[in-house]
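Please keep the sequence and the model in view while reading.

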Amino acid sequence: MDDKTEEEELTDDEKEDKQHAEFVRMADQSLDRFRDTHSEPQQQFIVDAFVETGEIPTGEAFGIEEVEAAVVETAFTQHLDRNVLRQHGLTLATYFEHVAEADYPALRRAAAKGEWHVFHEHAQAIAAARKAGTAFADE
């Protein structure tokens, strides 16, 4: 009889995939609740605040719990890392070495809209510049 639990039999990649799937599920639940409980103007206000500050407003006044915001941010970060940056040979750290702080609001707006092509195009350009050795040429 095998005493190993199902979790112990998973590879590290499978564990990571399982954890990511759970974050995505929880983030989707939080986003669905957000859409169901906030009017369009409220949603826009919160998205605009996120775009401007980089933080999802939380608390009773905003109807968003800190844990929900953290789950959504984690799911986004994992998606960006796993489904965009890795395809271009980048990590979050190497990607952000080449992103100007002034570009953060535009990238946050793209993230809020689910415009992942913006990140793919940006990551592709960064990867090409790194490969060519010109990534830091104009800095």
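## Terms and overall form

In what follows, contact means that heavy atoms lie within 4.5 Å. The model is a predicted one, and the values below should be read with that in mind.

The secondary structure of the protein chain consists of seven helices and zero strands, so that the order along the sequence reads α-α-α-α-α-α-α. The C-alpha atoms of the protein chain occupy a box of roughly 55 × 55 × 20 Å along the principal axes. Its radius of gyration is 18 Å, whereas a compact globule of 139 residues would have a value near 14 Å. Of the 139 residues of the protein chain, 27% count as buried. When contacts between residues at least 6 apart in sequence are considered, 61% of them join residues at least 24 apart.

## The pairing of α6 and α7

Helix α6, which covers residues 104–113, packs with helix α7, residues 116–132, at an angle of about 135 degrees, and their axes are 7 Å apart. Angles over 145 degrees count as roughly antiparallel and those from 65 to 115 as roughly perpendicular, and α6 and α7 are therefore oblique to each other.

Which residues of α6 and α7 meet? From α6 come L107, A110 and A111, and these meet V118, F119 and H122 of α7. The residues of this contact of α6 with α7 divide into five nonpolar, one polar and no charged.

The buried residues in α4 are E68, A69, V71, V72, A75, Q78, L80, D81 and R82, and they pack against α2 (12–37), α5 (92–96) and α7.

Leaving aside neighbours within four places in sequence, D81 is in contact with R86, L90, T91 and L92.

Is H122 buried or partly exposed? H122, placed in helix α7, has a relative accessibility of 23% and therefore counts as partly exposed. Not counting residues up to four places away in sequence, H122 touches Y95, V99 and L107, and L107 is among the α6 residues that meet α7. H122 and L10, by contrast, are 112 residues apart in sequence and 34 Å apart in space, C-alpha to C-alpha.

I126 is also found in helix α7, and with a relative accessible area of 6% this residue is buried. The residues that I126 touches, not counting those up to four places away in sequence, are L90, Y95, H98 and V99. The C-alpha atoms of I126 and L90 are 8.7 Å apart in space, although these two residues are 36 residues apart in sequence. L90 is also among the residues in contact with D81, while Y95 and V99 are also touched by H122.

Terms used
Residues numbered from 1 in each chain as written. Predicted model: local features only at pLDDT ≥ 70, side-chain atom pairs only at ≥ 80, totals over all residues. Heavy atoms only, no water. Axes fitted to C-alpha atoms, helices over the stretch in contact; angles between N-to-C directions. Helix = DSSP H or I, 4+ residues; strand = E, 2+ residues; numbered from the N terminus. Parallel < 35°, antiparallel > 145°, perpendicular 65-115°, else oblique. Nonpolar A, V, L, I, M, F, W, Y, C, P; charged D, E, K, R; others polar. Buried < 20%, exposed > 50% of the residue type's maximum accessible area, 1.4 Å probe, protein only. Rg over C-alpha atoms; globule rule 2.2 N^0.38 Å.
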